[in-house]
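Let's talk through this one as a set of quick questions and answers. Here it is.

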2 protein chains.
Amino acid sequence: MGSFSASLVDKPSRAFLIWFFSLSLLFHSSLGSKAKHYKWEVEYMYWSPDCIESVVMGINGEFPGPTIHAEVGDIVNVELTNKLHTEGVVIHWHGIRQFGTPWADGTASISQCAINPGETFHYRFTVDRAGTFFYHGHYGMQRSAGLYGSLIVYPPKGVREPFPYDGEFNLLLSDWWHASSHQQELSLSTKPFRWIGEPQTLLINGRGQFNCSLAALHSRPVQRQCKFRGNEQCAPQLLQVLPNKTYRLRVASTTALASLNLAIGHHKMEVVEADGNYVQPFYVNDLDIYSGESYSVLFKTDQDPSKNYWISVSVRGREPNTPQALTIINYKTTSASKLPASPPPVAPLWNDYNHSKSFTYQIRARMLPDYPNPPTTHHRRITLLNTQNYINGYTKWAINNISLSLPSTPYLGAIKHQLNGAYNHQSPPENYPEFYDVMQPPVNPNSTYGSGMYVFEFNTTVDVILQNANALAKNTSEIHPWHLHGHDFWVLGYGDGKFNPGKDEKKLNLKNPPLRNTAVIFPHGWTALRFVADNPGVWAFHCHIEPHLHMGMGVIFAEGVNRIKELNIPHEALTCGMTGRMFMNNNGHH
Amino acid sequence: MGSFSASLVDKPSRAFLIWFFSLSLLFHSSLGSKAKHYKWEVEYMYWSPDCIESVVMGINGEFPGPTIHAEVGDIVNVELTNKLHTEGVVIHWHGIRQFGTPWADGTASISQCAINPGETFHYRFTVDRAGTFFYHGHYGMQRSAGLYGSLIVYPPKGVREPFPYDGEFNLLLSDWWHASSHQQELSLSTKPFRWIGEPQTLLINGRGQFNCSLAALHSRPVQRQCKFRGNEQCAPQLLQVLPNKTYRLRVASTTALASLNLAIGHHKMEVVEADGNYVQPFYVNDLDIYSGESYSVLFKTDQDPSKNYWISVSVRGREPNTPQALTIINYKTTSASKLPASPPPVAPLWNDYNHSKSFTYQIRARMLPDYPNPPTTHHRRITLLNTQNYINGYTKWAINNISLSLPSTPYLGAIKHQLNGAYNHQSPPENYPEFYDVMQPPVNPNSTYGSGMYVFEFNTTVDVILQNANALAKNTSEIHPWHLHGHDFWVLGYGDGKFNPGKDEKKLNLKNPPLRNTAVIFPHGWTALRFVADNPGVWAFHCHIEPHLHMGMGVIFAEGVNRIKELNIPHEALTCGMTGRMFMNNNGHH
């Protein structure tokens, strides 16, 4: 916890000066970077995330997995042992760019082979900037099975954040189904398609309530009031605060599906961080957060200290069929068991997209001295049309009419060892047909599988236009939060309908676009991103909705291909597919 | 179907002569051996084995998997592609001895690495004798998930079985739970232990009825009468027969747990084959069959041809909580939809072990000219005490106080490449303490994990005494059907209580002991087996009850170790664990 009692708003200049002074310590303190070692075992366990016992994928007997606390410059070492009986496993470190360690990105079929049962894989990577991150499974739908946890990176010792606060809390948000992730995988890939439906429960730090409500008094339809003795796995974690302080609330969403809205009863929030990057502070009553995103907000405990207050998390962007997740801000000046008198904050209407856009559009980079301005122009632009399709009667998502089908050989190994045939060597299309009507269901809904990569020259600037479209059903277009591995991108702008290069390009924000690793496309809209291909590796870029990725909604970026060949990739990452066979056969018989 | 109308009983000498004549064709016809090719894809699918939809592991969209029909001398080639999302897979060819191809035995951690998702493995092996076999998953509890099918080997063309029949049917028996195999795996390996309970349904060729009965009229408690249109996945397969013929009924049990008893209403059965070996024919009213066993019986359609008759399958050896599985023998002279008037055959009482022993004890080899007599003496005897134990509070099964924990490197690869540390190099004990009281729960129930092997010199004769004991609970001792890979063994004898070398050895049957690959130990009893270690390889020997093996109830036999080093093992079988790393590291960087 920090020691400031002054808030940024009261004395911005003081806070800023302290931060600026601290920045100069960065280079000294980075000498003090240290290796942090973790030994983790992944296994299934019985757990009751929402008071209903389920089979949950946990780490070291915990759900969610242990929180990693690190400082900028630390080298994180995770020895991950797979204790599952028949399944492989990987862990992706969401938001960590993995400069120089693309093999540690934890994406099966892309950066490595899945770790076999009984085996241990060593992840080793540097955390190079402060922020709110998380980690999760990236194989099949193991994220949906509960394989996730938080990764918080603090500034180096002696360095302060550019905003003061007295204490902090971390909320990792997720959604939970009672059907197993295996059954969900099957439903999504069966013919005819079976949609998994809305989650049964929203979880805050892995805790929710399915069969009762903390706010039963206010619930419609009437629910049973939850009673906890306190040691239940589904009991909410209260946020205990002192009056008249400023707290940082870290919020990250690793939902499989749900777009969320978070609000604190009677407390405004000041948004200060998004995806590990500082944003120009702004105040909100409620915060939209999509899967793959993280935020920090500051809130002041300036309300009646004899009361407690709700934190509510609600579904956005899909007609909700899942109750709010709730926990309580407990002013230590009152009893922790005292429920707030007023009902929990009411979320904006699920389909009030104007509310969502208004929130998202106002996110701007905080123009600190180390903010990297985007290059003023791009070397290459690819436009990615998001459509829902059929392949041989299976329901799929496709990008420029190709539904991503991951190969059994990791791309990174296939490129390093120049193996032919590990993936489609033809690059996927850079654009979609001009006549395509994004407001209507596809005229020809048939698509094809593909595993091709977009290959970028090292250090070139790439613009990506994410173009949303109508799904298979009329008047339907969904929100898709796209997440890029290995990078932050600048979010240059958003718009409705089709991106029009001539008209829309001029309106892009090159002044203070926020850096992020996840950006949403709104229904029937577009989003423009820019990044520099400065990180040799193979990087997934995909919708962070787990069922959508499972149904093919992603693309593969390869950059600095010649440098990949020079990379020192642990052989243990490449024991499968054609890389595995190559090692086998080159080695001859013994 | 054969063309005989004469039965063995009517004209034994004629049948025998024909058979004997045919035998001489064997060597000629083996020149005509051919390769049989199969391309299989393993995947989960929605299926309703017992009229309740479940997630089932199928092959090429079928459950059970396709039946392999082959002739003696054929080379079976199965290209097995793993279409599961995150799980490895292997298939074991139960009863096939794999002479010269131990890498094709399909046992994860023993003969090969599990096949990764998206990859294809080529099984290639010779079927060298006629009989009723089957195949099944041998990784985690994938057999319980439904990964199994039949493998029928016929005599070479022109060669006849030593018993005539007019037609044949094949029944593959299994048991089914509504909880997923993943949840079962977790329950069995959680602390405190959760027993999976009795199966919900018994299946005949993958078909059973959970929510109704074919014999509702006779069922207590009352059940709903099943109605089928005929195309339901759970509709019973009728056995359509002509009057006054002799039929061969092949029966194999791939149950996860249940010991079974099969009976045909009003028809006697003549037992003629067990586990692919001919037995001295004998008549029974009902047939006990344990998991891992197969039988052929002959029955004559000599009953009233205007009626149909039940085939019933019931649970033995455990207090049953699962209804009988039923199907119908339909005399084509009457309507297939006509239910038998009388109730299905009533099985012997579940704990009438005398009935079971009487059946099992009377099985004798048929003394045909090619029957290999057992060596008259053994080079080595190991005694394997079966106990139920605890390890760190986990409930386990142990053999001589070691609970088998399979390593992540296949034994076969570790031996071939002489890798140290892949498994426990100390051999497990050859016996148990003399004072151990097999009639009482263990005095010290604590056990340990182990992965050591019993190593046998090539071509030596090994005797194994399987010694049952009391489980953790008082007055409890379970049936365990032990299955040996890579071999048949001679079953030399059975007894109650402790095997007493001085007294019991003399009573062993060296004259006509049946050859089998699976033999049962009865509660608190012993079973004596003999085999010749003539098949270089590493072979599992284990209780065929899937939960028991999962809980450690097995041992590993290695034989002809020096010859293993000369074996040509496909590298694809060894991409995991220390063998995988060896190939990786020997190969150096590219």
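Q: How much area do chain A and chain B bury between them?
A: This is a predicted model, where local features need pLDDT of at least 70, side-chain atom pairs count only at pLDDT 80 or more, and totals for chains, interfaces and linings use all residues. Side-chain values use heavy atoms, without hydrogens and water, residues are numbered from 1 along each chain as its sequence is written, and chains are lettered from A and ligands numbered from 1 in the order written. Buried area here is the accessible area (1.4 Å probe) that two parts lose on being put together, summed over both. Carbon and sulfur atoms carry 55% of it, and the total is about 4100 Å².

Q: How many salt bridges are counted between chain A and chain B?
A: A salt bridge is a side-chain nitrogen of Lys or Arg within 4 Å of a carboxyl oxygen of Asp or Glu. One of them pairs R581(A) with E119(B), at 3.7 Å from N to O. The count is 4.

Q: What covers the buried residues of α9(A)?
A: Buried means under 20% relative accessible area (1.4 Å probe, protein chains only). In α9(A), that goes for G577(A), T579(A), G580(A), M582(A), F583(A) and M584(A). Their cover includes α5 (411–416) of chain A and, from chain B, α9 (577–586).

Q: Why does chain A count as being as compact as a globular protein of its length?
A: Chain A has 9 helices and 32 strands. The radius of gyration is taken over C-alpha atoms, and the globule rule is 2.2 Å times the number of residues to the power 0.38. That rule gives 25 Å for 590 residues, so chain A is as compact as a globular protein of that length, with a close radius of gyration of 23 Å.

Technical notes: Helix = DSSP H or I, 4+ residues; strand = E, 2+ residues; numbered from the N terminus. Buried < 20%, exposed > 50% of the residue type's maximum accessible area, 1.4 Å probe, protein only. Contact = heavy atoms within 4.5 Å.
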